[in-house]
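User: I'm new to this one and would like a walk through its charged pairs and one of its helices. Can you take me through it step by step?

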Amino acid sequence: MEDSLINELSEHLAVCEEAYGLVQEENRVLNSSTPRDAYGHADRRKELLERVTGSMVRIKAHKALWGRLSPEERARNMDVSNLIKQNMDLIMKTVMLDRENEKLMFQHGMAPPDRLPSSRQNNPTAVAGMYQRHNV
């Protein structure tokens with residue numbers, strides 16, 4: 001069990017490292033003079049997301065077994081604990097940099113339409129009209 005979990009966590013870490021590299025590249029492009037080139041990574045991003053999802057499913061299969069081990073047994077398997085920590089740290093770094101990239105995309109007017117706030121949100125007349133319609 002331990003060896004297969006170590007293999008799955010190592011593979012997941014490799015995929016997460018690729019994802020972090022992609023997010024770093026997107027950040028470099030968004031901070032360059034040609035930020036719109038960041039859209040060129042959409043296919044690679046989608047493929048990596050599928051791979052991350054697949055590796056997470058495989059890791060979840062081991063989670064129940066790992067959870068049933070006593071704390072002493074888990075403490076003896078420091079390789080697994082270290083890989084879990086490395087994965088978590090890298091995922092957090094990736095999420096934080098991706099949030100920064102989202103902010104840069106908003107600044108460059110590159111936000112997808114479904115992520116933009118509603119125009120009614122900044123229109124007091126529309127809000128007042130909604131209140132009148134629902135107070136009847």
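This is a predicted model: local features need pLDDT of at least 70, side-chain atom pairs count only at pLDDT 80 or more; totals for chains, interfaces and linings use all residues.

User: Which residue does the side chain of E26 meet in a salt bridge?

Analyst: A salt bridge here needs a Lys or Arg side-chain nitrogen within 4 Å of an Asp or Glu carboxyl oxygen. For E26 the N to O distance is 2.5 Å, and the partner is R45.

User: How many residues apart in sequence are the parts that this pair ties together?

Analyst: The side chains of E26 and R45 meet in a salt bridge. E26 lies in helix α1 and R45 in helix α2 (residues 42–68), so the pair ties together parts that are 19 residues apart in sequence.

User: Is R45 buried, partly exposed or exposed?

Analyst: Buried means under 20% relative accessible area and exposed means over 50%, with partly exposed in between. R45 comes out at 33%, so it counts as partly exposed.

User: What about R28 and E25: which helix do they both lie in?

Analyst: Their side chains meet in a salt bridge too, at 3.0 Å from N to O. The two are three residues apart, about one turn of the helix, and that helix, covering residues 2–30, is α1.

User: E47 and R51 are in helix α2, so how many residues apart are they?

Analyst: Their side chains meet in a salt bridge at 3.3 Å, N to O. E47 is partly exposed at 34% relative accessibility, and R51 is partly exposed at 31%. They are separated by about one helical turn, because their spacing in α2 is four residues.

User: Which residue is linked with E47 and R51 in a network of salt bridges?

Analyst: E47 and R51 already form a salt bridge with each other. The network that links them also takes in E18.

User: Now for α2 itself: at which residue does it bend?

Analyst: α2 has 27 residues and reaches 40 Å from its first C-alpha to its last, close to the expected 39 Å. Along the way it bends by about 30°, and the residue is H62.

User: What covers the buried residues of α2?

Analyst: Those buried residues are L48, V52, S55, I59, H62 and W66. What covers them includes α1, α3 (71–76) and α4 (78–107).

Note on methods
Residues are numbered from 1 along each chain as its sequence is written. Side-chain values use heavy atoms; hydrogens and water are left out. Buried means under 20% relative accessible area, exposed over 50%, partly exposed in between (1.4 Å probe, protein chains only). The expected span of a helix is 1.5 Å times one less than its number of residues. The bend at a residue is the angle between axes fitted to the seven residues ending there and the seven starting there. Contact means heavy atoms within 4.5 Å.
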